[in-house]
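Student: I'm new to this one. Can we go through it together, with you backing up each term as we go?

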Amino acid sequence: MHQPVITGTGVFTPQNVITNAELVDAFNAYADLFNAENAEAIAAGEVQAKDHSSVEFILKASGIEQRYVMDKDGVLDPTRMYPRLRQRSDDEPGIMAEIALDACHKALAMAGRTGEEVDLVICAASNMERAYPAIAIEIQKLLGAGGFAFDMNVACSSATFGIQAAADMIRTGSVRRALVVNPEITSGHLEWRDRDCHFIFGDVATATLIERREDAPHGFLIRSTRCATEFSNNIRNNNGFLRRTRPDGVADRRDMQFMQEGRKVFKEVMPMVAKHIHEHLSETGVSPDDLHRLWLHQANKTMNDFLGKKVLGRDPEPGEQPNILQDYANTSSAGSIIAFAKYSDDFQPGEIGLICSFGAGYSVGSVVVERI
């Protein structure tokens, strides 16, 4: 059995930034337009008026201060409120493959590797821009990689599930070097017209290179991985290829974008994740006191603070549980990998940390790593 090691990470960050103030201005303009257009129905009690959002509301609810997006103008257009991305021909790279490639090159450069040395690509993300051919196979071709590639979707847990799949294949010897890529264009599935969630998501792409230890002069040994799922509809998106077969399949339906029952999610997911982490650490022979850092899924600050305290049994010290969501917002599966990429350089040999992501499914994945 081979030992898998993370030897490189890469983060692609879009150029466009939307601050909370910009987002609130656009949303409030949309709300005013909606309320004016539906004034009679609102007065008759047939339609509910849309309330304004505020910077204070967003910061208190999430800890988010800004987000990066692939397109800014479309999102901030009160008559549109979703990204405007150009149509690409079938002869050019898709947008997900394009941003994934950037993150992959950074991860490879960090490890001193080339695309030709990779023999597995997993594209693990919460949304795919098409059903087939797999985005991962397109990335494989653009990299010049060998072996095989496939897509997987476990929503916000996709990155850690992908890492487990890759690590298992490295352990058994079926692959030598794997890239787990998370291109998350979450601005495309977010309902920007919903006050309760219009601030949540941002766009990004991350990549994690995993190799056999015998080939890895440095990096983070993957000591153990653990995944779990439990079905719930409290986080959902009902879009899909069967949409056009249904009577109102082409209608502008709210359930065709990101939806969640936030209070239920917090109440049900937080205990599940805390229990999962404690059991994983126990199985691995690691005490919470042994953890140098937690790289958690970046959904909102309240969740991370709750988990940090539950896992460590105390309030985390500065740096023990870094947050990046104030800058990136929730980037679905990529959030914990951004945190790991940005806050792991200071680790010394023998120090242990835990990467954890969780979300729709419900799903939770955790990865115990040790600096070598």
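**Pocket, helices and cores**

Tutor: Let's start with the second largest pocket: 14 residues line it, and Phe27, Lys50, Arg193, Asp194 and Arg195 are the ones nearest its centre. This is a predicted model, where local features need pLDDT of at least 70 and side-chain atom pairs count only at pLDDT 80 or more, while totals for chains, interfaces and linings use all residues. Residues are numbered from 1 along each chain as its sequence is written, and side-chain values use heavy atoms, with hydrogens and water left out.

Student: What makes up the lining of the second largest pocket, by residue type?

Tutor: Its lining has 10 charged residues, three nonpolar and one polar. Asp, Glu, Lys and Arg count as charged; Ala, Val, Leu, Ile, Met, Phe, Trp, Tyr, Cys and Pro as nonpolar; the others, Gly among them, as polar.

Student: Why is glutamine 140 called buried?

Tutor: Buried means under 20% relative accessible area, with exposed over 50% and partly exposed in between (1.4 Å probe, protein chains only). Glutamine 140 has 11% relative accessibility, so it counts as buried.

Student: What makes helix α11 mostly covered?

Tutor: Seven of the eight residues in α11 (residues 335–342) are buried, including Ile337, Ile338 and Phe340.

Student: Which residues have the most contacts inside the largest nonpolar core?

Tutor: They are Val273, Leu281, Leu291, Leu354, Cys356 and Phe358, in a core of 45 residues. A nonpolar core is a set of buried Ala, Val, Leu, Ile, Met, Phe, Trp, Tyr and Cys residues joined through side-chain atoms within 4.5 Å.

Terms used: 1 Å grid on protein atoms, 1.4 Å probe; cavity = no way out; pocket = protein on both sides within 12 Å on 5 of 7 lines; lining within 4 Å. Helix = DSSP H or I, 4+ residues; strand = E, 2+ residues; numbered from the N terminus.
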